[in-house]
Amino acid sequence: MSELDEIRVARLALSWLAEPGNRALCRRVADLGPVLVLDELLRNGRAARTRQAVGADLDEADPRRLAEAALARAQRLDARVVIPEDDEWPASLNDLWRIGDESAKDPVDRDTAPPLCVWVRGGWRLDEALDRSVAVVGARAATSYGTQVAREIGYGLASRDWTVVSGGAYGIDGFAHRGALAAGGITVAVLACGVDRPYPASHASLFDRIAEDGLLISEWPLGADPFRHRFLIRNRVIAAITKGTVVVEAGPRSGSLQTLRRAGQLHRHRMVVPGPVTSAMSVGCHEQLRNRDEHTTLVTGVPHIVELVGAIGHDLAPVPRGPEHPRDGLAATERRLLEALLKRKPLSSEEVAVRARVPVSDAMRILPELVVRGFAKRREHGFILALHTDATTRSASG
Amino acid sequence: MSYAKVRSAGLVGVRGHLVEVEADIANGLPMMVLSGLPDTALHEARDRVRAAIVNAGQRWPNRRITVNLLPAALPKQGSGFDLAIACAVLAGAGEFPLAALDNTAIIGELGLDGSVRPVRGVLPMVVAAARAGVRQVVVPSENAAEAALVPGLRVRATDSLRRLVGFVRGTESLLDPPPPSVPAEPPGPDLADVVGQGVGRVALEVAAAGNHHLAMIGPPGAGKTMLAQRLPSILPELDDEAALEVTALHSIAGVLAPGAPLLRRPPFQAPHHTASMPALVGGGSGLARPGALSLAHRGVLFLDEAPEFSPRVLDALRQPLEQGVISIRRAGGDTTFPARIQLVLAANPCRCAKPSGEPVCICTPLARHRYLGRLSGPLLDRVDIQIRLEPLTTAALLDAHAVSEPSAVVADRVAKARAAAAARWSAHGWRSNAEVPGSALRSPRWRLPRAALSSVRKLLDEGELSARGYDRVLRLAWTIADLAGRTRPTAGDVSQASELRRGAVAP
């Protein structure tokens, strides 16, 4: 067994022994590594420091063997386990370390650590699918207004190439997923039970479609039951892996408002769709908007959402910020095109190509890239030089 | 014997139909009755046929003549049945036996002097006759070359009724069609003539390779027309089936040059902006005739000064762009013309249209917006490539020593790219990238990796590109990749594709 596999099995076994997010256990794993923590638990049994975090009975069976069997079963079901040591682990999940209240009485508020591992069904790499993602959540007992808005938002986000993340529940969640699937986009359902267990059962075919075109993910192992408290634990993951959370309809005590609160703690965008003032299913939404302390934004559709989450610089390739010569990393053609640009007068790609003595098709290919990387800017009639990088170059070279 | 039956062929819309012409000579007041839904031109056949028979030196039966065209319920039009009616009348009167015209269809118009004159649409008529199992056709000598394009039956020609009568009696022989002439299409305009216009050339090549519709916006003198005219030169030649289809349409419209060979080059139609609805989509009294749209079938329809066209005419293009056919419904029956076209639009940026070099235009932004706004909406939505052409700068002219690529080289790349696209989508039933719906391009199977999309995602999030525009850019990126021989678009391909939407009238 390779080292990575050993870690995978250990993490899996640990996730079996405690509910996800357990602060004490996860802290210990972060400090010592999963293999050592598992050994410690198995060897010292009740005496181990982390013992009190572990709910399951240790004597029942060998968790390592159980984990290996589970991995084999996952392979048959086309599911896989992704761990933080994998390349595709989304870094956004690590932000979960920043929140949570150690002194809180309620374990849901105390145990908000990142997942030990994530079960995944679907063909996408986790980080790639979640790179540009927005959560769309809301009431299960949604009104027709809510389901329509959820579907529109799901469709609109997916057509703009944003991944739609939701919880796979009835109502808003389901329609957000369906909208995204209709647009041919990626949608991710974060479940509070095993990824092989459709819950609600009538969403079985929806989950199959999501697994085919998007991703089903869960912190719980295959076959795990959807207990009530697990939904609240799960919500922190929905908030963490997305750039923002949109609540479409929520009653006064809705679980989606908890997701929204988590998004706020994680410094993600919080968005709320208003509803009719007469609708009980929008009371929670309106209450959020009235509460000025919470930085919640009212959104009415995809343009508003994208305006927030797609803010410039959010998802762009990193601008080379080397202190000395930002142009050093450029290829010869790129440099020549940049030399040909002017500071004020916009030049069409054709003019730039002629000035730089470069084929027009090359100019058409490269200039938009230079815009993304911050060297050039786009104007209505062509391209100009972006001044700040120019200044850096000048001062550095002169 | 006082009854005779002769075969002929007629047209309904663009389809030929086999028609049987029967004549009955009975006792009664001398007169001639024509039945079987004839139109006005066909009614006049009575007088033409009578004069032609007499002037050809034959005897006109002075009895009651009933001529019927079968199937009687099919509307028939035009003068192409004259020759068949004359034969049926003469045979019915017992002037000659019909053995020589066994399994033969006769098509032709008669002059009063007994000469046989050419008719429109011989090609589809002969195709229909061949399909119905006819072994031989007799056509006017001017139409013989056209009829000879149809394989599977013998084509004979005649220049006069006298010759045909002589043939039936065994005293004279019919003419043979001229030997198939070598394709004599003069070389069209070539891309090598275009100086500069790099963006325009790229757009044209991508349009040809992916079958994308193209809109060019730029001041007069930017070379819009020049580029559009050269699009057919880089499109692949028509295959046999398409060539026959296109030639038949031109035959029906009566615009086929005499002795014309099969049209192999994709047609190019550039109707003037004052064109009426019937001129563009087809129409005319009674049953409709094909318009410029159908004459451009499997070729290029170029609308210069597109905003100047009447909005109704432009909107009439929507159905054909979607379905590849145009149906015209009339009280007398509906007609469906094929109209699978590649649309090229050209427009000035504003109404004043100052040529390049003039002082800046004085149109207000609102006026400019309104001018191009006449185009926007569902029509532009179907136009994948939307570019702005800048007037030639001196710099570009200086660069002119860089030799422009000739059409043949570009056409070669285009053909390879089209083959690659057709092979890729064949399982889905799409023939070119332009037909692929956006949701398919975003689906897991064809989705591009995130690294390839960064530049276009920026445009999307900044609102410079709509979700629909994004789908168009993805399509174009596939075409650009096909042209370069890549199996998947790269980041550069996507960037280049986004540049081909820069002129987008609607973002």
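What follows is a short chat about helices and a chain contact in a predicted model.

Visitor: What should I know before looking?
Guide: Residues are numbered from 1 along each chain as its sequence is written, and chains are lettered from A and ligands numbered from 1 in the order in which they are written. The model is predicted, so local features need pLDDT of at least 70 and side-chain atom pairs count only at pLDDT 80 or more, while totals for chains, interfaces and linings use all residues.

Visitor: How do H7 and H21 of chain B cross?
Guide: The axes of H7 (residues 198–210) and H21 (residues 467–484) of chain B come within 9 Å and cross at roughly 95°. That makes H7(B) roughly perpendicular to H21(B) (65 to 115 degrees). Axes are lines fitted to C-alpha atoms, for helices over the stretch in contact, with angles from 0 to 180 degrees between N-to-C directions. Helices are DSSP runs (H or I) of at least four residues.

Visitor: Which residues of H7(B) make the contact?
Guide: B:Glu205, B:Val206, B:Ala209 and B:Gly210 do. Contact means C-beta atoms, placed from the backbone, within 7 Å.

Visitor: New topic. Which residues of H18(B) are buried?
Guide: Among them are B:Val410, B:Val414 and B:Arg418. Buried means 20 or more other C-beta atoms within 10 Å of the residue's own, again placed from the backbone.

Visitor: What do they pack against?
Guide: The buried residues of H18(B) pack against H7, H9 (231–234) and H21 of chain B.

Visitor: And how many residues does each chain give to the contact between chains A and B?
Guide: Chain B gives 30 residues and chain A gives 32. Helices H7 and H21 of chain B are among those that each supply at least two residues to the side touching chain A.

Technical notes: Parallel < 35°, antiparallel > 145°, perpendicular 65-115°, else oblique. Contact = placed C-beta atoms within 7 Å. Buried ≥ 20, exposed ≤ 12 C-beta atoms within 10 Å, placed from the backbone.
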